[in-house]
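This report goes through one protein model, from its sheet to its charged side chains. Please keep the sequence and the 3D view at hand while reading.

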Amino acid sequence: MLNGPNLNLLGTREPELYGRETLADVERRLVTVGGTLGVALTFVQRNGEGELIDAVHALRGDADGAIVNAGAYSHTSLALRDALVGIALPYVEVHVTNVYAREPERRHSMLAASAIGVICGLGAYGYELALHGLSRTLAGRRPQHADG
């Protein structure tokens, strides 16, 4: 799971908009969900664009997919999109708020066209939905082995 700028403030930053669940709360819940799905999770949060891109590069060959909440970089960063596409990492884009009900500059995502799915507006629960969707999608892509 990759989280971008200001998501370290989840739970305290504008709680009327983003809710009261912290990023640590989300991560704990995802570990539980991941356990039921049989998937291992790694969590990264970076405020700097370059640091987030470095974190994407570090996933090359080590991750089957990602849940990405790039925060404001979702709307501005071709470099982040290029990093995700460059390492051929399937990902689900997540936003805690409904970006389409917010400021016009938040209504376009640089990442969405390359994502396997986008979830927005369902609060921190969107991360769980993203994990379920990503896991199911990746399972469907695995080669089926014939018995016998």
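In what order do the five strands of the open sheet stand, and is the pairing parallel or antiparallel? The order is S2-S1-S3-S4-S5, and the pairing is parallel.

The model is a predicted one: local features need pLDDT of at least 70, side-chain atom pairs count only at pLDDT 80 or more, and totals for chains, interfaces and linings use all residues. Residues are numbered from 1 along each chain as its sequence is written, and side-chain values use heavy atoms, with hydrogens and water left out.

## The sheet

Helices (H or I, at least four residues) and strands (E, at least two) are DSSP runs, numbered from the N terminus. Two strands pair if DSSP finds at least two bridges between them. Strands of a sheet pair through backbone hydrogen bonds, either parallel or antiparallel.

Strand S3 (residues 66-69) pairs with S4 in the parallel sense, over three bridges. Across this pair, Val-68 stands opposite Glu-93 in S4.

Exposure is given here as relative accessible area: buried means under 20%, exposed over 50%, and partly exposed in between (1.4 Å probe, protein chains only).

Asn-6 belongs to the loop between strand S1 (2-3) and helix H1 (15-18). Its phi is near 75 degrees, a positive value in a residue other than glycine. With a relative accessible area of 36%, Asn-6 is partly exposed.

Ala-88 lies in the loop between helix H4 (78-86) and strand S4 (91-95). Phi of Ala-88 is near 55 degrees, again positive in a residue other than glycine. Ala-88 counts as exposed, at 64% relative accessibility.

## Thr-36 in helix H2

Thr-36 is part of helix H2 (residues 23-37). The residue is exposed, with a relative accessible area of 64%. Its side chain reaches the backbone oxygen of Val-33 at 2.7 Å. This is a polar contact, that is, a pair of N or O atoms within 3.5 Å; within protein, one must be able to donate a hydrogen and the other to accept it, and residues adjacent in sequence count only if both atoms are side-chain atoms.

How far apart in space are Thr-36 and Glu-49? They are 13 residues apart in sequence and 32 Å apart in space, C-alpha to C-alpha.

## Salt bridges

Side chains of opposite charge can pair when their charged atoms come close. A salt bridge is counted when a side-chain nitrogen of Lys or Arg is within 4 Å of a carboxyl oxygen of Asp or Glu. By this rule the model has seven salt bridges, including those in the table.

| Salt bridge | N to O distance |
|---|---|
| Arg-29 and Glu-21 | 2.3 Å |
| Asp-82 and Arg-81 | 2.5 Å |
| Glu-103 and Arg-106 | 2.7 Å |

How exposed are the partners? Arg-29 is partly exposed at 25% relative accessibility, and Glu-21 is partly exposed at 30%. Asp-82 is partly exposed as well, with a relative accessible area of 40%. For Arg-81 the value is 27%, which is partly exposed. Glu-103 is partly exposed at 33%.

Salt bridges that share partners join Glu-21, Arg-29 and Glu-128 into one network.
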